[in-house]
Amino acid sequence: MSNLLVQIAKQRFENPSSQIVHFVDNKEANSILNDLENYPHAYVLACLMDRQIKAEKAWNIPYEIFSEYGAFEIDRLACIELGDLKVFFNKKKLHRFNDTMAEVFFFGIKDIKNKYNGDASKIWSGNPSSSAVVYRFLEFKGSGIKISTMAANILARQFRIPFSDFYSIDISPDVHIIRVMKRMGYVPSGATNEMIIYKARELNPEFPGIIDFSCWEIGRIWCKPNKPLCKECIVGKDCKKVL
Ligand code: SF4
């Protein structure tokens with residue numbers, strides 16, 4: 001099977017369309033999430049929140065907390081008590097799991113302050129290997145392999161942070177990616193997430209997660225759940241159209 005999906009992903013990687021990554025519609029929140037130089041902790045904390053709720057809602061959480069406490073710097077954030085964070089999470093219904101995610105947020109701040117001397121960009125500075133960055137994200141409370149590879153993938157693919165390799169950046173299967181991989185015939189309809197991850201490794205071992213964004217884009221624009229737009233789809237000629 002020729003590999004149009006990987007070709008498209010490599011083109012996107014080599015010619016990024018925008019310097020600004022769109023995480024949330026709120027412009028101020030989005031610019032803080034994009035400001036890795038001044039607020040790298042906002043990016044890390046947002047990644048940690050991205051579990052089992054809509055991404056837009058999750059990525060907005062750091063900004064909501066920073067604004068509520070007037071605390072955008074890590075030293076000021078570290079002064080917020082866990083109990084206060086829990087109250088605020090619950091009052092504003094920030095997450096589906098408010099107490100748990102308040103703890104993840106709290107310990108995320110503590111780790112950034114204590115392990116990285118308050119500078120979260122040390123997680124990815126100095127041309128690290130992809131495995132080192134994924135591992136550092138895994139060390140945060142509440143961060144599993146999906147969040148950790150997603151965090152490394154966005155840093156590499158969209159923020160263009162230099163890595164010494166991309167081997168450990170896997171695909172992070174979401175509904176769009178799973179649907180596209182199955183319909184294209186790369187994996188059978190009953191495939192597990194692990195099968196999808198390993199298929200992506202087979203397709204592009206040196207950077208499996210490179211197809212993450214292309215699959216997501218195809219899933220959102222053309223490969224819709226009910227009425228896929230196969231005639232217009234950019235991978236139409238390579239797709240087995242398992243519908
Ligand atoms: S060709 Fe059709 S089935 Fe295949 S990925 Fe595109 S929209 Fe989906």
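This is a predicted model: local features need pLDDT of at least 70, side-chain atom pairs count only at pLDDT 80 or more; totals for chains, interfaces and linings use all residues.
**Entry: other salt bridges**

I searched the whole structure and found 8 salt bridges. One of them joins lysine 113 to aspartate 75, with the closest N and O atoms 3.0 Å apart. This pair, too, links distant parts of the chain, since lysine 113 belongs to helix H7 and aspartate 75 to helix H5 (residues 74-77), 38 residues apart. I recorded lysine 113 as partly exposed at a relative accessible area of 34%, and aspartate 75 as partly exposed at 48% relative accessibility.

I then turned to arginine 201 and aspartate 170, whose side chains meet in a salt bridge at 2.7 Å, N to O. Arginine 201 lies in helix H11 (residues 193-203), while aspartate 170 lies in the loop between helix H9 (145-157) and helix H10 (175-183), so the pair ties together parts that are 31 residues apart in sequence. Arginine 201 is partly exposed at 31% relative accessibility, whereas aspartate 170, at 7%, is buried. I also found Lys86, Glu103 and Lys141 linked in a network of salt bridges.

**Entry: the chain as a whole**

I counted 12 helices and 0 strands in the chain. For 243 residues a compact globule would have a radius of gyration near 18 Å, and the chain, at 19 Å, agrees with this. Along the principal axes, the C-alpha atoms fill a box of roughly 55 × 40 × 30 Å. Buried residues make up 51% of the chain, and of the contacts with a separation of 6 or more, 64% are between residues 24 or more positions apart. The chain exposes about 11900 Å², of which carbon and sulfur atoms supply 51%.

**Entry: the core**

The largest nonpolar core has 86 residues, and those with the most contacts inside it are Tyr43, Trp59 and Ile211. Helix H3 (residues 40-49) gives the largest share of this core, 8 residues.

**Entry: asparagine 34**

Asparagine 34, in helix H2 (residues 27-34), counts as buried at 14% relative accessibility. A polar atom of its side chain lies 2.8 Å from the backbone nitrogen of valine 21. Beyond neighbours within four places in sequence, the contacts of asparagine 34 include Gln19, Phe23 and Phe159.

**Entry: positive phi**

Most residues other than glycine have a negative phi. Asparagine 117 lies in the loop between helix H7 (98-115) and helix H8 (130-138), and counts as exposed at 64% relative accessibility. Lysine 241 also has a positive phi, near 50 degrees; this residue lies in the segment after helix H12 (211-221) and is partly exposed, with a relative accessible area of 34%.

Methods: Residues are numbered from 1 along each chain as its sequence is written. Side-chain values use heavy atoms; hydrogens and water are left out. A nonpolar core is a set of buried Ala, Val, Leu, Ile, Met, Phe, Trp, Tyr and Cys residues joined through side-chain atoms within 4.5 Å. Buried means under 20% relative accessible area, exposed over 50%, partly exposed in between (1.4 Å probe, protein chains only). Helices (H or I, at least four residues) and strands (E, at least two) are DSSP runs, numbered from the N terminus. A polar contact is a pair of N or O atoms within 3.5 Å; within protein, one must be able to donate a hydrogen and the other to accept it, and residues adjacent in sequence count only if both atoms are side-chain atoms. Contact means heavy atoms within 4.5 Å. The radius of gyration is taken over C-alpha atoms; the globule rule is 2.2 Å times the number of residues to the power 0.38. Accessible areas come from the Shrake-Rupley method with a 1.4 Å probe; for residues, only the protein chains shown count as cover. A salt bridge is a side-chain nitrogen of Lys or Arg within 4 Å of a carboxyl oxygen of Asp or Glu.
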